[in-house]
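I opened this structure to look at two of its elements in turn. My notes follow in the order of looking.

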Amino acid sequence: MTTFRRWLPPEWSAQDAVLLTWPHTGTDWQPLLESVNPVFVAIAKEVAQRQRLLIVCHDKQHHQQITALLQQAGIQMVNVSLHIAPSNDSWVRDHGPITVFEGEKPLLLDFLFNGWGRKYPHKLDNAITALLHQQHAFGVTPLESVNLVLEGGSIESDGHGTLLTTRHCLLSPERNPAYDCVGLEGIFDQQFGSKRVLWLEHGELEGDDTDGHIDTLARFCDPHTIAYVQCDNHDDTHFASLQAMENELRAFRDYQGQPYRLVALPLPEAIYDDEGQRLPATYANFLIINGAVLVPVYGVPQDSVALQRLETCFPKRRIIPIDARPLIQQFGSLHCVTMQIPAGVLASRET
């Protein structure tokens with residue numbers, strides 16, 4: 001029997017679908033649904049024009065409500081599949097499946113989700129991927145449960161065996177206290193086929209309760225390019241940490257041993273909630289889909305700069321702004337509420 005080394009595809013690989021877990025009244029989104037539903041509709045519309053869209057609904061009534069919202073927006077439902085699975089929240093990047101390949105065959109990995117280190121209720125979210133798999137939402141692609149706490153927003157893949165992540169998040173004692181860097185690297189080699197891990201020591205945004213997910217800070221745009229959050233305001237509380245992160249990125253080398261092309265994304269001007277807490281606005285939380293990149297924007301002057309710089313990173317994709325101001329009210333952004341499903345997962349989907 002031939003044993004294939006696993007491979008974790010980068011986000012820019014061809015995709016079958018994007019997965020959303022839609023907000024509902026039983027979540028912290030309840031007072032914000034009027035403003036957040038249009039954000040999810042905007043994401044759904046852009047995705048459904050280019051690939052399939054899988055939506056997690058809380059119950060039958062929620063299913064009906066979401067269907068009505070999509071139809072009112074003129075979204076072609078031929079590319080949309082809705083499935084019922086109860087949820088605590090909507091951050092599917094962290095409770096959804098991570099797809100790897102063994103040779104040419106896809107495999108869904110279901111890691112443990114514990115509410116970002118037991119900060120929030122998570123029992124329902126942790127069960128979603130298995131429930132979807134039982135409903136054949138992913139066709140007949142197999143699912144493997146992994147006894148490790150890991151969120152999709154905490155890792156970045158270059159498609160060549162490199163993972164980019166942060167120590168602050170993955171070494172959090174409330175996630176996997178028995179593991180150090182060496183132990184986690186061994187698991188990543190086994191589960192993802194990773195050859196090396198680039199660990200960032202610095203970088204975290206105020207208001208972020210993930211302990212520094214990499215998808216809020218620095219992202220692979222291709223195997224040789226990293227877009228990252230830069231702070232050039234010495235008076236901003238982020239300045240020292242993000243400067244230190246930038247220096248770390250400059251010292252990293254790509255899988256061919258060359259310095260990365262680094263593209264600086266501006267830190268949005270400070271946005272606060274009604275209680276005066278700064279919210280974790282970041283342009284690094286973009287989503288790559290087939291033919292396009294959905295970029296969170298916040299109605300601030302830095303929006304246009306970020307969009308222009310990301311155009312240089314993705315010259316063959318359309319750059320599409322999505323108003324993410326409602327999302328950051330719950331301390332996440334656009335990438336956090338989405339999970340891509342790579343091409344091949346739904347190829348044998350039952351009709």
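**A strand and its neighbours**

I looked up which way the side chains of strand E15 go: Ala292, Leu294 and Pro296 point one way, Val293, Val295 and Val297 point the other way, and all are buried. The model I am reading is a predicted one.

I then counted burial along E15, residues 292–297. Buried here means under 20% relative accessible area. I found that 6 of the 6 residues are buried, so the strand is largely enclosed by the rest of the structure.

Next I checked the pairing. Strand E14 (residues 287–289) runs antiparallel to E15, with 3 bridges. Ile289 has Ala292 of E15 as its bridge partner. The two strands form a hairpin with 2 residues between them, and Gly291 in that turn has a positive phi of about 80°.

With strand E16 (residues 318–323), E15 pairs in the parallel sense over 6 bridges. I noted Ile322 in E16 as the bridge partner of Pro296.

I turned to helix H5, residues 123–134. Its 12 residues reach 17 Å from first C-alpha to last, close to the 16 Å expected. I listed its buried residues as Asp125, Ile128, Thr129 and Leu132. Down the axis of H5 these fall within an arc of 80°, so they line one face of the helix. The face turned away from the buried side carries the exposed residues Lys123 and Gln134.

I also looked up what covers the buried residues of H5, and found strands E2, E3, E4, E6 and E7 and helix H3 among the elements that do. After H5 comes His136, with a positive phi near 60°.

Technical notes. Residues are numbered from 1 along each chain as its sequence is written. This is a predicted model: local features need pLDDT of at least 70, side-chain atom pairs count only at pLDDT 80 or more; totals for chains, interfaces and linings use all residues. Side-chain values use heavy atoms; hydrogens and water are left out. Helices (H or I, at least four residues) and strands (E, at least two) are DSSP runs, numbered from the N terminus. The expected span of a helix is 1.5 Å times one less than its number of residues. Buried means under 20% relative accessible area, exposed over 50%, partly exposed in between (1.4 Å probe, protein chains only). The arc is that of the directions from the helix axis to the C-beta atoms. Contact means heavy atoms within 4.5 Å. Two strands pair if DSSP finds at least two bridges between them.
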